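Hi everyone, thanks for coming.

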Amino acid sequence: MLLGGFIGSVVPEAIERAIGERFAHCQHPKDLTLVFAAGQGDGKDRAVNHLAQQGLVKRAIGGHWGLVPKLQRLAVDNLIEAYNLPQGVISHLLRDTAAGKPGTLSKVGLGTFVDPRVEGGKINSATQKDWVQVVELLGEEYLFYQKLPLDVAILRGTTADENGNITMEDECLIVESLAAAQAAKNGGGKVIVQVKQVLNQVNLILMPLKFLESL
């Protein structure tokens, strides 16, 4: 499950809070794999921290863990599988996953803790699967990052129409939203978006025209 957002921007806060509350109430959903590129949270309780409950999360693959202390604790206590991969690589992985590719080839991470000859990006001993491999291409070494397991993308937009088209006119960032939606949809999964308002299709199409007229 991909969680969209950057720190506190473009974060589907209401949906993430609702998922956390539902699990606390009825122990469902459970054993989720969480994927996030940028840091999402306030270093206390918001965003991904709502989901940091034992049993709700089985695995987390993140590019920045600094703002999710509750998820950090699950990883440090060996209660979940946990990976720290480069934030930019995760963004590329989303696009490559959406394109149906098996993963992403990159020199980013060679010789660092992400290199499988060091730690492979694994945060704890509960994390056994190798997500990163060393490969040789044309005489040079690269890291191969396997595609992401995405069947749900949870994002935030501004406006939706009745057919599920989404606009982001009031969002300060777009970040990985499009690639994440494509990755989930092309893999036969679902895209869930928190929005401010729902319009009919005609009004949604007219919105960009009204904006241009005001310039």
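Let's start with Leu173, which is partly exposed, with a relative accessible area of 30% (buried means under 20%, exposed over 50%, partly exposed in between, with a 1.4 Å probe and protein chains only). Leu173 sits in the loop between strand E10 (166–167) and helix H4 (177–186); helices of at least four residues (H or I) and strands of at least two (E) are DSSP runs, numbered from the N terminus.

A word on the source: this is a predicted model, where local features need pLDDT of at least 70, side-chain atom pairs count only at pLDDT 80 or more, and totals for chains, interfaces and linings use all residues. Residues are numbered from 1 along each chain as its sequence is written, and side-chain values use heavy atoms, leaving out hydrogens and water.

Now for a contrast: is Thr159 buried or exposed? Thr159 is buried, with a relative accessible area of 0%, and belongs to strand E9 (residues 159–161). The side chains of Thr159 and Gln197 are joined by a polar contact of 2.9 Å (a pair of N or O atoms within 3.5 Å; within protein, one must be able to donate a hydrogen and the other to accept it, and residues adjacent in sequence count only if both atoms are side-chain atoms).

Last stop, helix H2 (residues 69–76), whose buried residues are Leu71, Leu74 and Ala75. They cover an arc of only 100 degrees around the axis, so they lie on the same side of H2; the arc is taken from the directions from the helix axis to the C-beta atoms. Just after H2, Asn78 adopts a positive phi of about 65 degrees.
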